[in-house]
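Morning, everyone. Please look at the model on the screen while I talk.

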Amino acid sequence: MVKKMIELKMVTKIYDLGKIKVQALKGVLLDIEEREFSVIMGPSGSGKTTLLNMVGALDRPTSGRVIVDGADITDYDEGRLAHYRGRKIGFVFQFFNLLPLLTARENVELPMLFAGDLSANEAREKAKELLNLVGLGDRINHRPTELSGGQQQRVSIARAFSNDPALILCDEPTGSIDTATGVEVLRLMKRLNRELGQTFVIVTHDPGVAGVASRSIYVIDGKISLDVPPGVSPPTDHIAKRMYESTQAKIAKLETSKRELQLYKTEFELFLKRKDELDPILFRKAREDYVNRITHLQQRIMAEITSTKEVFIFDQFKKKRKESNE
Ligand SMILES: Nc1ncnc2c1ncn2[C@@H]1O[C@H](COP(=O)(O)OP(=O)(O)O)[C@@H](O)[C@H]1O
Ligand SMILES: [Mg+2]
């Protein structure tokens with residue numbers, strides 16, 4: 001019998017924002033088998049990222065169960081979840097999330113140093129191997145800014161593989177690179193899936209991506225829909241809906257930034273604990289990167305809070321005006 005890698009059992013997610021409640025997932029039932037290469041498609045705002053966050057334990061469901069590789073992770077505490085994320089899952093994001101002061105090799109090394117299973121030398125050798133595997137053997141000492149978008153995404157794929165995860169989760173991995181490069185990145189992922197056997201779940205808008213998938217799953221309005229033809233477009237929208245969506249989008253962005261900040265802080269604490277084991281130069285550079293990133297995120301969150309308030313105020317203003325017209 002084929003083993004199930006992911007089981008979602010009636011998963012719902014409601015974002016509770018006080019007056020507004022956003023039902024992002026409305027009872028999702030989904031099985032994904034080991035070694036599958038699945039693509040999740042659907043209109044913007046339909047719940048794709050939320051779904052991926054449930055599997056990657058970046059957020060918790062409101063109800064339902066999340067079972068990954070046979071383990072029910074729904075009630076894990078933060079410590080166990082951090083361990084789960086570090087060992088079981090490799091993440092690939094739209095904007096790569098590489099640390100800018102570190103070289104490609106150091107970026108790939110870092111998760112292994114966090115996990116602490118390998119010596120510094122072993123981690124370094126493995127990082128080189130992984131970079132060879134993604135075709136960047138001649139770029140190991142380059143920093144992210146010295147690499148193209150496609151190459152940066154390859155580095156982040158190598159990084160995702162560093163702790164031999166069972167599952168690779170990708171959110172819009174080709175969303176910020178050109179189409180031709182996107183195709184190459186996908187071919188690479190497909191090859192790794194075939195050769196190394198990891199299960200892939202890829203959220204994408206890119207119809208080209210669906211072509212290489214062994215399975216396409218559609219998320220429409222918080223539900224799984226298996227029979228929607230490719231190229232599905234968002235439902236027709238009028239102005240009110242757009243306004244609502246733009247508020248939602250801003251809130252979502254804010255929440256994402258907060259979550260990202262939390263992740264970096266946790267990672268940073270872990271990292272500081274390992275000071276004595278790490279190469280001092282690598283340590284200094286990585287610390288600087290973390291501090292910069294955390295400061296930057298804090299500033300972004302402040303800006304997002306301000307702009308979200310503006311949307312709320314504008315909404316209330318419109319409502320008042322409408323009421324006084326009636
Ligand atoms: N943290 C959040 N807080 C409030 N609403 C959110 C949050 N994250 C997402 N949403 C809302 O949930 C719905 C699904 O969002 P998302 O999963 O990001 O969709 P997709 O990835 O398909 O574009 C949207 O209406 C979005 O605005
Ligand atoms: Mg998304």
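Is Val68 buried or exposed, going by its C-beta neighbours? Val68 is buried, because it has 24 C-beta neighbours inside 10 Å. Here is the rule: buried takes 20 or more other C-beta atoms within 10 Å of a residue's own, exposed 12 or fewer, and partly exposed lies in between, with C-beta atoms placed from the backbone.

A quick word on the source. This is a predicted model: local features need pLDDT of at least 70, side-chain atom pairs count only at pLDDT 80 or more, and totals for chains, interfaces and linings use all residues. Residues are numbered from 1 along each chain as its sequence is written, while chains are lettered from A and ligands numbered from 1 in the order in which they are written.

Now the overview. The protein chain has nine helices and ten strands. These are DSSP runs, numbered from the N terminus: helices are H or I with at least four residues, strands are E with at least two. Of its 326 residues, 30% count as buried.

Back to Val68. This residue sits in strand β4, residues 63-68. Met5 is 63 residues away in sequence, yet the C-alpha to C-alpha distance is 5.5 Å. Leaving out residues up to four places away in sequence, Val68 touches Met5, Ile6, Val55, Ile73, Lys88 and Leu167. Contact means C-beta atoms, placed from the backbone, within 7 Å.

Next, the sheet. Four strands form an open sheet in the order β2-β1-β4-β5, with antiparallel pairing. Two strands pair if DSSP finds at least two bridges between them. Which strands stand at the edges? They are β2 (20-33) and β5 (71-72); each has a single partner strand, so one side of each lacks a neighbour in the sheet. Strand β1, residues 4-17, pairs with β2 over eleven bridges. There, Lys13 stands opposite Leu25 in β2.

Last, helix α3, residues 104-115. Ten of its twelve residues are buried, so α3 is largely enclosed by the rest of the structure. Among them are Ala104, Val108 and Leu113. The axes of α3 and α4 (residues 120-133) come within 8 Å and cross at roughly 125°. Axes are lines fitted to C-alpha atoms over the stretch in contact, and angles run from 0 to 180 degrees between N-to-C directions. The two helices are therefore oblique to each other. Under 35 degrees is roughly parallel, over 145 roughly antiparallel, 65 to 115 roughly perpendicular, and the rest oblique.

Methods
Contact = placed C-beta atoms within 7 Å.
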